[in-house]
Protein chains: 2
Amino acid sequence: MPVLRADELQGLARQFFLALGSPPEAADRVATSLVRSNIVGHDSHGVIRIVQYVKAVRSGRIDPRAEPEVEQEGQCTARVNGNWGWGQVAAWRAAQLAVAKARQAGIAGVALYRSNHVGRVGEYVEEIARHEMIGLAFANNHGGAVQVAPFGGRAARLSTNPIAFCAPTSGFPILVDITSSVAAEGKIRVLRNQGKQAPEGWLVDAEGNATTDPGVLYTTPAGALLPLGGALGHKGYGLGVMVDVLAGALTGALCSHPEAKTVGNAMLILAIRIDAFAPKEHYYEEVDKLVSALKSCPPAKGFKEVLLPGEIERRLAEQRLAQGIEIDDETWREILQAAQELGIALPA
Amino acid sequence: MPVLRADELQGLARQFFLALGSPPEAADRVATSLVRSNIVGHDSHGVIRIVQYVKAVRSGRIDPRAEPEVEQEGQCTARVNGNWGWGQVAAWRAAQLAVAKARQAGIAGVALYRSNHVGRVGEYVEEIARHEMIGLAFANNHGGAVQVAPFGGRAARLSTNPIAFCAPTSGFPILVDITSSVAAEGKIRVLRNQGKQAPEGWLVDAEGNATTDPGVLYTTPAGALLPLGGALGHKGYGLGVMVDVLAGALTGALCSHPEAKTVGNAMLILAIRIDAFAPKEHYYEEVDKLVSALKSCPPAKGFKEVLLPGEIERRLAEQRLAQGIEIDDETWREILQAAQELGIALPA
């Protein structure tokens with residue numbers, strides 16, 4: 001498997017988006033976002049997407065030149081229209097706007113709609129936390145691409161509807177970035193491609209029978225992922241519905257339902273300035289004590305230590321920034337082929 | 001088992017709080033809140049708490065005359081200091097303040113600290129949704145009463161840290177009111193009192209061994225509840241940490257850690273005015289389509305239909321408002337005894 005430095009990979013990805021007609025700033029943004037996903041270990045949201053994005057631009061689904069527009073702007077609220085350009089550009093704009101408004105008002109909400117794939121949702125709340133604020137984000141698939149069954153149901157009705165949260169501490173930020181389903185669809189796709197079985201309790205087939213065959217998501221009629229929680233799946237389902245209302249209905253996008261044919265991401269982003277509520281010193285003192293209490297917890301059988309939310313990503317980032325990023329052979333082959341078609345020079 | 005009408009039960013509960021020295025408005029508020037929990041079927045948060053509250057007032061932990069104070073008020077943010085009075089009074093004040101601010105600003109966040117038990121967290125987001133807004137709430141136990149192990153750990157480090165969400169639809173509101181642990185502590189207490197076993201995957205004993213014995217939460221050293229998610233418990237754990245930061249550190253209260261001796265509730269409440277982001281018509285159209293899509297889902301084996309989040313509570317409420325509320329014999333005996341001690345007249 002080829003191993004590339006993060007900056008090499010970024011430079012390569014950037015060339016694709018320039019070749020597709022994006023302005024340099026947008027090309028940089030999308031490339032940075034994809035490579036950052038690889039750096040923190042979320043390869044399903046990394047450069048594997050380049051080829052998919054090339055196809056989406058060619059089919060007209062992504063407009064590589066579109067600029068996001070700010071609509072319905074208030075002192076602490078706004079809606080960003082992605083104009084079906086790059087999701088990473090529109091979502092970044094939404095996060096920056098949330099930070100600017102929360103700096104003034106203490107709290108801000110920014111809605112995003114008509115956006116393509118934003119990539120790793122955690123990226124936007126991380127950016128908010130970098131400004132000493134707490135970030136929260138809720139995203140759906142703009143109404144389309146439903147793959148998750150409601151609790152007590154046997155057909156897909158919701159998208160995987162992630163929740164992301166990032167909060168600063170005196171050390172590394174706490175980062176939560178989770179789907180309300182048992183897993184992201186990308187994980188099932190990887191299992192299928194590797195010829196592996198899914199864990200029990202993740203999937204049902206089109207008749208509603210429990211299965212470990214990841215292929216059931218890709219048949220017609222299709223099976224479904226289950227909501228987080230197993231026998232307590234009403235909780236994961238509740239979170240999924242919550243996300244769908246916040247990201248789908250409130251933003252001006254669409255909720256998950258059969259009439260919604262649009263696929264992309266819609267998202268609500270919240271930024272909360274810490275000292276609008278409590279003195280910063282108090283906040284850091286308490287968060288740091290929470291971190292110490294969690295890290296001091298004796299490990300369960302089969303575990304070496306208790307990790308903080310986001311700690312795995314941080315460790316992987318250190319490793320990959322030092323040692324480079326492995327790209328699997330199939331992804332690399334597809335990237336090389338697409339590069340040739342677009343006349344892109346490859347790293348030596 | 002005695003069966004009382006909701007208004008009878010409310011009148012009885014009110015007398016207790018008056019007898020303890022609370023002003024009439026506060027006595028009404030706490031009584032209404034407790035009985036509302038019984039009405040929607042959350043008996044663990046209902047009038048069973050009267051006797052516990054009487055003890056807490058006598059021990060000085062609840063000040064029945066304390067008034068909540070609004071501190072650090074901005075245009076769309078505020079902090080409410082409960083002054084260790086009734087949690088239901090302080091949290092109601094916080095919810096009303098969030099509604100008033102969101103009406104002006106579009107979005108508002110109100111922090112609550114130094115509050116006793118607020119009861120059912122869902123009550124406050126329901127109240128926000130009644131004003132055609134979306135309500136979100138995150139609560140911890142003010143740093144104390146930790147009962148939940150982190151993922152990969154075997155000792156309690158977090159409280160059950162609930163998330164509540166309520167959103168209006170053209171019909172009944174969608175209500176999500178869930179702990180980030182497998183269950184609320186009250187459920188384990190009920191199982192222990194009934195001599196029953198807990199489901200597998202809910203509890204570990206003080207050595208970290210999986211157990212179905214609900215007694216392990218009440219030994220010294222104690223065992224722990226597990227986070228929501230089973231093998232995917234990193235997700236429930238992530239949500240629990242998120243709630244602890246929002247409710248504990250941001251509000252001026254305490255996060256869950258060994259130095260935190262305070263027990264009560266700290267909470268962050270958010271109110272979001274729908275038309276600050278998208279036209280109301282669009283919101284209702286999309287939410288209603290989501291509701292139809294979910295209700296049309298074919299049921300899984302063992303289920304008759306797919307329920308919306310909050311639908312069980314709504315059905316129970318219809319039933320209990322029509323047929324009265326059953327109080328278990330032990331709770332009734334305790335209430336009668338406490339009534340006698342306080343010189344309270346009982347319903348005929």
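B:Cys255 lies in the loop between helix 7 and strand 11 of chain B. Helices (H or I, at least four residues) and strands (E, at least two) are DSSP runs, numbered from the N terminus. With 29 C-beta neighbours inside 10 Å, B:Cys255 counts as buried. A residue is buried if 20 or more other C-beta atoms lie within 10 Å of its own, exposed if 12 or fewer, and partly exposed in between, with C-beta atoms placed from the backbone.

Residues are numbered from 1 along each chain as its sequence is written, and chains are lettered from A and ligands numbered from 1 in the order in which they are written. Because the model is predicted, local features need pLDDT of at least 70 and side-chain atom pairs count only at pLDDT 80 or more, while totals for chains, interfaces and linings use all residues.

Chain A has 10 helices and 12 strands. Its radius of gyration is 20 Å, close to the 20 Å that the globule rule gives for 348 residues, so chain A is as compact as a globular protein of that length. The radius is taken over C-alpha atoms, and the rule is 2.2 Å times the number of residues to the power 0.38. Buried residues make up 59% of the 348 residues in chain A.

A rotation of 180 degrees with 0.0 Å of shift along its axis superposes chain B on chain A, with an RMSD of 0.0 Å. This is the relation of a two-fold axis. Of the residues of chain B, B:Gly229 comes closest to the rotation axis, at 2.3 Å (C-alpha). Both copies use the same surface: 100% of the contact residues of chain B recur in chain A.

The contact takes 72 residues from chain B and 73 residues from chain A. On the side of chain B that touches chain A, helix 7 of chain B gives the largest share, 10 residues. That side divides into 45 nonpolar, 18 polar and nine charged residues. Here Ala, Val, Leu, Ile, Met, Phe, Trp, Tyr, Cys and Pro count as nonpolar, Asp, Glu, Lys and Arg as charged, and the others, Gly among them, as polar.

Helix 5 (residues 122–129) of chain B is mostly covered, with eight of its eight residues buried. The cover includes helix 2, helix 4, strand 5, strand 6, strand 7 and strand 11 of chain B.

Three strands of chain B form an open sheet in the order 9-8-10, with antiparallel pairing. Two strands pair if DSSP finds at least two bridges between them. Strand 9 (210–211) and strand 10 (224–225) of chain B stand at the edges, each with a single partner strand, so one side of each is left without a neighbour in the sheet. Strand 8 (residues 203–204) of chain B pairs with strand 10 of chain B over two bridges. B:Leu203 stands opposite B:Leu225 in strand 10 of chain B.

Conventions:
Contact = placed C-beta atoms within 7 Å. Least-squares fit on C-alpha atoms with pLDDT ≥ 70 in both.
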